[in-house]
Amino acid sequence: KKIYVVDNNEYNIFKLKNIINHKKLNQFSFKILNIENYSSLNSAFKEIKPNIVFNAAALKHVNFLEENPNQGLRTNYIGTKNVLSACRKNKINFFIHVSTDKAANPINNLGITKFLSELICHQKTTNNKTKVGIVRFGNVFDSYGSVSEIFKNNILNSKKIKISNSEVERFFMSKDEAANFLIYACHLLTHSKKNSKTRTFIYDMGKPIKIIDLAKKIIFLSGRPYQKFLSNKFYGLNKVEKISE
């Protein structure tokens with residue numbers, strides 16, 4: 001087996017390459033490529049001829065996408081459309097698309113663009129070769145740019161953690177759970193006897209966790225008193241955020 005990593009972020013590829021066991025590096029190949037460029041993407045798929053494509057490329061920060069809606073559409077919607085089109089054109093067996101729980105009853109540009117990306121996955125096609133799976137993620141704990149990273153940076157820089165609302169809660173999953181979820185969704189598609197070519201998988205992440213409780217836990221695990229590092233003032237939710245997701 002061989003894994004091809006496609007990314008438009010050179011630094012991400014550099015970091016990944018340096019954490020992979022050097023004895024296993026021959027199982028990996030790396031390409032710097034932007035999914036917004038269909039021609040380059042299609043050429044790469046034609047050359048690689050992959051069996052499975054996992055599309056984890058996205059812009060995922062709510063506030064950034066509110067300020068940059070056009071780029072959100074280009075990456076999350078058009079980019080997904082390009083990857084799926086290249087899969088179908090090259091008759092790739094399986095396409096697994098990573099979506100988000102924010103696509104359910106979306107109220108912000110992130111949720112809307114990811115919901116549109118799901119719709120394109122359901123689009124009918126004359127090519128019956130590619131089976132499509134959509135996985136809806138919650139928040140992957142300690143992923144790049146996650147709330148846990150913000151909390152840790154505040155603690156390390158002796159800054160108080162500020163929470164928008166005491167009742168805000170989110171679903172969380174670990175990195176291992178996220179990876180296993182993708183692989184298991186592909187397994188289910190492989191063994192599915194259903195005629196439907198597109199299926200949506202939603203991971204049971206248990207009960208949602210209050211952000212204020214998460215902050216207290218992270219402060220406690222750092223060996224510091226949360227009373228000192230957690231602000232007792234709430235700055236309030238903005239119109240594009242939900243109490244619960």
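This report covers a helix pair and one histidine in a predicted model.

Local features need pLDDT of at least 70, side-chain atom pairs count only at pLDDT 80 or more, and totals for chains, interfaces and linings use all residues. Residues are numbered from 1 along each chain as its sequence is written, and side-chain values use heavy atoms, without hydrogens and water.

**The helix pair**

Helices (H or I, at least four residues) and strands (E, at least two) are DSSP runs, numbered from the N terminus. Helix 4 spans residues 69–89, and helix 5 spans residues 109–121. Their axes come within 9 Å and cross at roughly 15 degrees. Axes are lines fitted to C-alpha atoms, for helices over the stretch in contact, and angles run from 0 to 180 degrees between N-to-C directions. Helix 4 is therefore roughly parallel to helix 5 (angles under 35 degrees).

Contact means heavy atoms within 4.5 Å. In helix 4, the residues that meet helix 5 include Gly 72, Thr 80 and Arg 88. On the helix 5 side, Lys 114 and Ser 117 are among them.

**His 97**

His 97 sits in strand 4, residues 94–100. His 97 is buried (under 20% relative accessible area, 1.4 Å probe, protein chains only). Leaving aside neighbours within four places in sequence, its contacts include Thr 80, Lys 114, Ser 117 and Cys 121.

| Item for His 97 | Value |
|---|---|
| Relative accessible area | 0% |
| Side-chain polar contact with Ser 117 | 2.8 Å |
| C-alpha to C-alpha separation from Leu 237 | 29 Å |

A polar contact is a pair of N or O atoms within 3.5 Å; within protein, one must be able to donate a hydrogen and the other to accept it, and residues adjacent in sequence count only if both atoms are side-chain atoms.

Conventions
Parallel < 35°, antiparallel > 145°, perpendicular 65-115°, else oblique. Buried < 20%, exposed > 50% of the residue type's maximum accessible area, 1.4 Å probe, protein only.
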